[in-house]
Amino acid sequence: MSRRAKVILFPRSPAPPSPAPTFTEVRRCRDQGEALVVRGLLESRGIGAVLRSNIAQSVHPFSVGDQGEVIVLVADRDAHRARRLLARP
């Protein structure tokens with residue numbers, strides 16, 4: 001009686017990780033409301049934006065001076081286009 005052997009393949013090596021995207025600051029806003037408007041404008045033109053701030057809005061729903069500052073970041077590849085869009089009068 002002849003038996004066929006089962007072939008077990010080795011797993012393929014995982015794909016190399018893609019490099020993490022890098023971001024560029026395109027605007028500093030005085031408060032969360034202004035930053036949300038800027039982000040909405042950029043995203044309406046197909047430019048993804050990330051907001052960064054040092055204040056936890058859920059703990060402190062208000063801002064005082066520079067503590068409420070929000071930085072708008074976009075991917076490096078979109079920075080020139082975003083700055084040009086935000087510079088329009």
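Modeller: Two strands pair if DSSP finds at least two bridges between them. Helices (H or I, at least four residues) and strands (E, at least two) are DSSP runs, numbered from the N terminus. The model is predicted: local features need pLDDT of at least 70, side-chain atom pairs count only at pLDDT 80 or more, and totals for chains, interfaces and linings use all residues. Residues are numbered from 1 along each chain as its sequence is written, and side-chain values use heavy atoms, with hydrogens and water left out.

Colleague: Which residue of β3 does R27 stand opposite?

Modeller: R27 faces V72 in β3. That belongs to the antiparallel pairing of strand β1 (residues 23–29) with β3, over six bridges.

Colleague: In which sense does strand β2 (residues 49–53) pair with β3, and over how many bridges?

Modeller: Strands of a sheet pair through backbone hydrogen bonds, either parallel or antiparallel. Here β2 and β3 are antiparallel, over five bridges. Two positions to look at: S53 is opposite V70 in β3, and V50 has L73 of β3 as its bridge partner.

Colleague: Step back. What pattern does the chain follow along the sequence?

Modeller: The chain has two helices and three strands. In sequence order they read β-α-β-β-α.

Colleague: And what is the order of the strands in the sheet?

Modeller: The order is β1-β3-β2, in an open sheet of three strands with antiparallel pairing. β1 and β2 stand at the edges with a single partner strand each, so one side of each has no neighbour in the sheet. From one strand to the next, the twist averages 30°. For angles, axes are lines fitted to C-alpha atoms, for helices over the stretch in contact, and values run from 0 to 180 degrees between N-to-C directions.

Colleague: Which strands does helix α1 (residues 32–44) touch?

Modeller: Contact means heavy atoms within 4.5 Å. By that test, α1 packs on the sheet and touches β1, β2 and β3, with its direction at about 165° to that of β2. Helix α2 (residues 79–86) also packs on the sheet. It touches β1 and β3, and its direction makes about 20° with that of β1.

Colleague: At what angle do α1 and α2 pack?

Modeller: The angle is about 120°, and the axes are 11 Å apart. From α1, V38, L41 and L42 meet A82, L85 and L86 of α2.

Colleague: Which residues of α2 are buried?

Modeller: Start with the cut-offs: buried is under 20% relative accessible area, exposed over 50%, partly exposed in between (1.4 Å probe, protein chains only). In α2, A79, A82, L85 and L86 are buried. Viewed down the helix axis, they fall within an arc of 130°, so they line one face of α2. That arc is taken from the directions between the helix axis and the C-beta atoms. H80 and R84, on the other side of α2, are exposed. The cover over the buried residues of α2 includes β1, α1 and β3.

Colleague: Why is strand β3 (residues 70–75) largely enclosed by the rest of the structure?

Modeller: Count its residues. Six of the six are buried, so the rest of the structure largely encloses β3. For the chain of 89 residues, 22% count as buried.

Colleague: Now R52 in β2. Which residues does R52 touch?

Modeller: Leave out residues up to four places away in sequence. R52 then touches E69, V70, I71 and L73. R52 sits in strand β2. With 45% relative accessibility, R52 counts as partly exposed. Its C-alpha atom is 9.7 Å from that of Q32, 20 residues away along the chain.

Colleague: What percentage of the contacts join residues at least 24 apart?

Modeller: Consider contacts in the chain between residues at least 6 apart in sequence. Of these, 70% join residues at least 24 apart.
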